[in-house]
Amino acid sequence: MELVEHIGIGLTSALTFQNLLYCFIGVVLGTMVGILPGLGPVATIAMLLPATFALPPVAALIMLAGIYYGAQYGGSTTAILINLPGESSSVVTALDGYQMARQGRAGVALATSAIGSFFAGTVATFLIMLFAPPLAELALKFGPAEYFSLMVLGLIASVVLAHGSLLKAIGIIILGLLIGLIGTDVTSGQQRFTFGVPELSDGLGFVTVAMGMFGIGEILANIEHEQTRTAVVAKITKLMPSKEDWKRIIGPILRGTTFGSILGILPGGGSLLSSFASYAIEKKISKNSSEFGKGAIEGVAAPESANNAGAQTSFIPMLTLGIPSNPVMALMVGAMIIQGIQPGPQVMSEQPALFWGIVVSMWIGNLFLLVLNLPLIGMWVRMLTVPYHLLFPAVLVFCGIGVFSLNNSEFDIYGMALFGIIGYVFTKLECEPAPMMLGFILGQMMEEYLRRAMTLSRGDPMVFLTRPISAGMLIVAAIAILAVALPALRKTREVAFQE
Amino acid sequence: MDMIRYMAALVAAGFLLVSTVGHAQDYPARTISVIVPFAAGGPTDTVTRLVAQSMARSLKQTVIVENVGGAGGTLGAARVAKAAADGYTLLLHHIGQATAPALYRKLPYDVLTDFEPIGLVTEVPMTLVTRKDFPARDFQELLSHVRRNAQKVSYGNAGLGSASHLCGMLFMSAIQTDLVTVPYKGTGPAMNDLLGGQIDLMCDQTTNTTGPIRSGKIKVYGVTTHSRVPSLPEVRTLSESGLPGFEVSVWHALYAPKGTPRPVIDRLVTALREALRDPLVKSRFAELGTEPVAEAKVSPDTLRTFLKSEVDRWGPIIRKAGVYAD
């Protein structure tokens with residue numbers, strides 16, 4: 001069977017000593033940044049990007065992937081123990097997880113979170129193995145028209161699914177699109193919004209913007225709050241869930257995994273959306289819905305499974321189409337380009353060891369994480385005692401070095417600082433930076449594909465409707481717009497995102 | 001950990017840059033940095049890293065490679081043009097050095113007078129390739145098909161001023177037919193679309209095309225060099241096939257800032273020659289589908305003359321096509 005063969009290729013590649021080592025480093029780093037509030041996987045991956053140049057491609061990508069899903073495990077630890085979500089995707093976990101901890105069930109909550117994450121990670125890995133090959137096959141038929149329509153669908157989906165105000169979501173995405181326009185126009189060579197600054201002629205670097213918005217911005221927002229560190233970390237006594245607990249978590253884990261896997265594939269999706277959506281659904285359908293917010297174990301199991309499933313399935317569009325569905329995936333695309341690999345449907349057939357190696361390493365990484373997070377939990381918690389006045393300056397320095405080393409240009413450091421301030425303003429205005437990054441990345445690609453499709457069709461816009469795949473995606477996008485516009489459905493959306 | 005070593009190198013480089021300037025006799029007394037005006041990981045970066053490593057052995061000094069990308073290589077070149085002329089900051093640039101004066105109207109340096117040429121490094125051949133189901137058995141059929149369907153045949157390139165753009169302009173002017181030009185951001189996405197059959201034609205470096213040609217994923221109709229390419233011996237040159245004098249290569253060369261003392265330049269020429277004789281460099285170049293230039297071409301005078309002739313050659317073609325990058 002082909003699947004067995006693929007797993008075989010993946011195992012051979014992932015089980016070399018070097019790749020195991022980098023997988024381990026990746027998940028340890030991921031757990032670390034997941035636990036530490038104010039430092040997320042985006043900033044971490046951005047900082048390490050230039051350093052991965054020295055590594056072989058497989059090891060580099062395995063490590064970076066490990067940081068992303070490792071952060072999903074780490075984020076839940078602090079959410080449960082001290083009600084401080086280390087990652088935005090763990091925000092909902094804190095709702096019930098912390099209550100469980102206060103009732104002396106911290107161990108059970110942590111175990112539930114790790115077990116749910118591990119199960120979801122395993123399922124998601126298999127989903128990638130099953131669905132990536134046919135998707136890559138389909139992607140080879142994608143021309144500029146199909147890519148353009150897919151991105152239209154992606155941007156609209158991310159508006160519809162973004163939580164909070166619809167108006168803000170649209171505004172943020174358009175801001176991202178506009179920032180993405182800075183630079184030289186690919187077709188005509190015209191300079192746009194560069195104001196004669198040569199450094200702007202290639203546009204703003206993705207890493208510069210991402211590190212500013214996610215790294216510096218978060219730190220600024222964190223400094224503002226007086227750090228109330230709960231010195232009394234809940235004592236962890238019993239780890240294993242009881243028989244009764246098992247009965248209650250199996251359903252939520254299965255549902256969380258399902259929703260997470262689906263939402264992860266969508267552009268704009270990934271772990272954050274998955275965890276919010278699955279918590280909302282679980283709260284609706286659970287028999288114990290009255291317990292939600294007061295320490296319901298379902299409220300930990302569902303979002304924790306969902307965020308890990310979503311984190312992993314978001315690799316599917318990146319690995320098969322070369323399209324990043326969230327900022328972390330955009331950085332992975334950058335990492336592949338640094339290694340001289342052009343992301344796209346060819347990667348799977350031309351670099352099978354790389355492709356299957358990454359996929360299999362995800363499962364191995366999840367296994368590492370299970371071990372790291374259950375028996376060694378005490379060690380990680382102690383990390384929270386690192387004082388912020390030491391941590392934050394160190395992070396700033398690393399961000400500075402990271403962004404400088406991409407082009408050896410101080411211009412990028414100023415750019416990062418500027419976006420740090422913008423990121424801080426964003427948090428003040430309760431705007432999410434992720435949709436802006438999506439607009440920033442997809443906007444440039446969309447324009448390119450639009451114009452390329454129009455060039456190839458000699459200026460006939462009907463090309464988007466006469467090609468069936470493209471037409472299909474535009475229809476789905478139109479339905480999504482209608483759905484948000486309908487008052488009844490809009491209400492449901494608001495309710496769903498109220499958590 | 002790599003990150004730490006990496007940072008240590010950066011810090012060390014910083015300190016060395018501010019240390020005192022030595023005399024030409026003791027050159028090289030400290031770390032030399034070679035600026036690549038492109039991002040890490042590209043073909044020019046790879047070539048530079050290979051050569052820099054080998055030159056370091058010959059100069060008995062550390063040679064670090066710095067990527068200063070942006071604005072088609074002009075940002076990196078501008079930095080070297082303004083650097084101290086002591087032989088500790090060098091530039092490794094490709095054919096873009098010769099096309100920049102025509103592409104950029106506001107270039108902050110003069111490519112002919114602001115640099116001391118050291119020598120040519122390699123001339124990467126280019127290939128004329130098509131999607132694998134392109135309906136032409138040989139170059140003659142390709143020509144007649146292209147001429148008959150000029151409005152339908154699409155030609156991809158890696159963006160303004162890229163080698164594939166230059167080669168395409170030269171090709172269209174040689175066959176006196178305008179094709180539908182489809183620009184991409186970089187050679188990778190363009191190659192992806194050629195592999196997927198979205199575009200018809202492309203002219204790209206052997207570095208990128210040799211693999212897909214050998215595996216039959218794209219078709220090749222000719223190489224753009226004076227003589228056939230060792231890695232693709234069965235492929236005819238375009239000159240042979242009826243476009244006499246059609247020669248393009250992505251040549252790479254090493255430069256120092258204007259006014260670098262002669263003994264320093266001589267020392268660098270020797271080191272570059274030794275590097276290009278290095279079997280390791282030769283074998284890695286072969287993997288990339290290229291080879292080092294003949295030793296006679298590794299000389300300041302040859303490079304000076306060659307650069308001038310390339311500037312004169314591309315200027316009119318670029319101006320005629322009316323393309324500018326600023």
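An axis here is a line fitted to C-alpha atoms, for helices over the stretch in contact, and angles run from 0 to 180 degrees between N-to-C directions. Helices (H or I, at least four residues) and strands (E, at least two) are DSSP runs, numbered from the N terminus. This is a predicted model, in which local features need pLDDT of at least 70 and side-chain atom pairs count only at pLDDT 80 or more, while totals for chains, interfaces and linings use all residues. Residues are numbered from 1 along each chain as its sequence is written, and chains are lettered from A in the order in which they are written.

**Two helices**
- In chain B, the axes of helix 4 (residues 96-103) and helix 11 (residues 300-321) come within 8 Å and cross at roughly 40°.
- That angle is why helix 4 of chain B is oblique to helix 11 of chain B (angles under 35 degrees count as roughly parallel, over 145 as roughly antiparallel, 65 to 115 as roughly perpendicular and the rest as oblique).
- Residues of helix 4 of chain B, including Pro101(B) and Leu103(B), meet residues of helix 11 of chain B, among them Trp314(B) and Ile318(B) (contact means C-beta atoms, placed from the backbone, within 7 Å).

**Two domains**
- Chain B has domain 1 (2-15 + 28-123 + 250-321) and domain 2 (125-223), with bounds from an automatic or database domain assignment.
- The centres of domain 1 and domain 2 of chain B, taken over C-alpha atoms, are 28 Å apart.
- In chain B, 13 residues of domain 1 are in contact with 12 residues of domain 2.
- On the side of domain 1 of chain B that touches domain 2, helix 4 and helix 11 are the elements that give two or more residues.

Notes: Two residues are in contact if their C-beta atoms, placed from the backbone, lie within 7 Å.
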